[in-house]
Protein chains: 2
Amino acid sequence: MDSLAFKKHNHKHCIENSISKVELMCENARLILTPVRKRVLEILLKEHQALGAYKILDILREDGFSSQPPIAYRALDFLVSNGFAHKIERLNAFIACSHVGEKHSPAFLICRMCEAVGEALPITTKGILNETALTADFVIEEAVLEAEGICPNCKEVVTP
Amino acid sequence: MDSLAFKKHNHKHCIENSISKVELMCENARLILTPVRKRVLEILLKEHQALGAYKILDILREDGFSSQPPIAYRALDFLVSNGFAHKIERLNAFIACSHVGEKHSPAFLICRMCEAVGEALPITTKGILNETALTADFVIEEAVLEAEGICPNCKEVVTP
DNA sequence: GTTATAGTTGTTATATTATAACATATCAAG
DNA sequence: CTTGATATGTTATAATATAACAACTATAAC
């Protein structure tokens, strides 16, 4: 567990670090981090919180970008399929990846009160099911773990 | 790993077993397994495959039930919230639970070709994140693992 | 037996999330 | 300069899900 959303941390550093990592990876992989894509990444990085496509779209609109759904969904597709962001299926929402460049099966801690999302260390989520998959003769390509509960901040509010 | 979807098994037995377990649990818990609810459970049990709410609705319509969305969603809510079915978030679809009555954090093997879904043994998915959660001071209430890949049947088709 | 009451179902309308399809623009390679 | 690949703009629509309220049903309290 490292920069886990719920702990106090230098978030500005956290953002800058992510962006420069992504920029570097894009250069190396000949991917184009266009203005919209970069902006969406920034939006996702702003808080460790899941954001729906339409909320992102609202922010893009304020920024003067076109605001039709495909604009957001395409940028999100780019970010997700290149591992720079993840989709939280439970919330139909997206967050920036906290472990850019590190190969990992993501695992999320999702607060059901504030929708903050922490990404756990790149544990081998896949490995957990490995035996199961072998027995079943099933080839796992991707595995995602989503855990829902209460984050430390919201817990304080409920039971101070 | 037991009655895993992908293995040949006596599916009729599998269905009957699930239904009678659910009936028993409903009696004990004073829950009412109304005709629609039972029918939706049967529909979900028919194959080890995820079904969207609107597909279920189509089947209900053929059966003479009312076919407005809330009919299906309510029955599904009932089944899911009582642990008789699960929602596969990745697919926005539902399957019957393979481990009715056994407390478990579900883990699914989802075939991306045929949408068959196998539910892994009630492993302690939660436990995997336990350490992580403790460190983060996060209280996990529910955890779901969704793994996508290729099931044995579809693998045969691709590489015979 | 009537009357609350809690739970379920029926129905209409609408919200939310996501994609298809096609036009236009940009830019690098040949 | 033209071709091809990639990205963006735009319109329309598909797919998924819920809100809100009315009507019905069983049962438990009186």
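Which helices each supply at least two residues of the surface near DNA strand D? Helix H2 (35–46) and helix H4 (69–81) of chain A do so, together with helix H3 (53–62) and helix H4 (69–81) of chain B.

## Basis of the model

This is a predicted model, in which local features need pLDDT of at least 70 and side-chain atom pairs count only at pLDDT 80 or more, while totals for chains, interfaces and linings use all residues. Residues are numbered from 1 along each chain as its sequence is written, and chains are lettered from A and ligands numbered from 1 in the order in which they are written.

## Chain A

The secondary structure of chain A comprises 6 helices and 5 strands, where helices (H or I, at least four residues) and strands (E, at least two) are DSSP runs numbered from the N terminus. Along the sequence these elements follow the pattern α-α-α-α-β-β-β-β-α-β-α. The radius of gyration of chain A is 17 Å, close to the 15 Å that the globule rule gives for 160 residues, so chain A is as compact as a globular protein of that length; the radius is taken over C-alpha atoms, and the rule is 2.2 Å times the number of residues to the power 0.38.

The C-alpha trace of chain A spans about 50 × 45 × 30 Å along its principal axes. Of its 160 residues, 38% count as buried, a residue being buried if 20 or more other C-beta atoms, placed from the backbone, lie within 10 Å of its own.

## The surfaces near the DNA

DNA strand D is surrounded by 18 residues, of which the closest are Thr34(A), Gln68(A), Pro70(A), Pro69(B) and Asn92(B); a residue is near a strand if its C-beta atom, placed from the backbone, lies within 6 Å of it. H4(A) gives the most to this surface, with 4 residues. By class, the surface near DNA strand D has 11 nonpolar, 5 polar and 2 charged residues, with Ala, Val, Leu, Ile, Met, Phe, Trp, Tyr, Cys and Pro counted as nonpolar, Asp, Glu, Lys and Arg as charged, and the others, Gly among them, as polar.

Around DNA strand C there are 18 residues, and Pro69(A), Asn92(A), Thr34(B), Gln68(B) and Pro70(B) come nearest. Two or more residues of this surface come from each of helix H3 (53–62) and H4 of chain A and helix H2 (35–46) and H4 of chain B, with the largest share, 4 residues, supplied by H4(B). The surface near DNA strand C divides into 11 nonpolar, 5 polar and 2 charged residues.

## Contact between the chains

The contact takes 34 residues from chain A and 34 residues from chain B, two residues being in contact if their C-beta atoms, placed from the backbone, lie within 7 Å. On the side of chain A that touches chain B, E3, helix H5 (125–136), strand E5 (139–150) and helix H6 (152–158) each supply at least two residues, and E5(A) gives the largest share, 12 residues. By class, that side has 21 nonpolar, 5 polar and 8 charged residues.

## The sheet

An open sheet of 6 strands, with mixed pairing, runs in the order E4(A)-E3(A)-E5(A)-E5(B)-E3(B)-E4(B), where two strands pair if DSSP finds at least two bridges between them. Strand E4 (117–119) of chain A and strand E4 (117–119) of chain B stand at the edges, each with a single partner strand, so one side of each is left without a neighbour in the sheet.

E5(A) pairs with strand E5 (residues 139–150) of chain B in the antiparallel sense over 11 bridges, and Ile140(A) stands opposite Gly149(B) in E5(B). Strand E3 (residues 107–111) of chain A and E4(A) are also antiparallel, over 3 bridges, and Leu109(A) has Gly118(A) in E4(A) as its bridge partner.

Conventions:
Buried ≥ 20, exposed ≤ 12 C-beta atoms within 10 Å, placed from the backbone.
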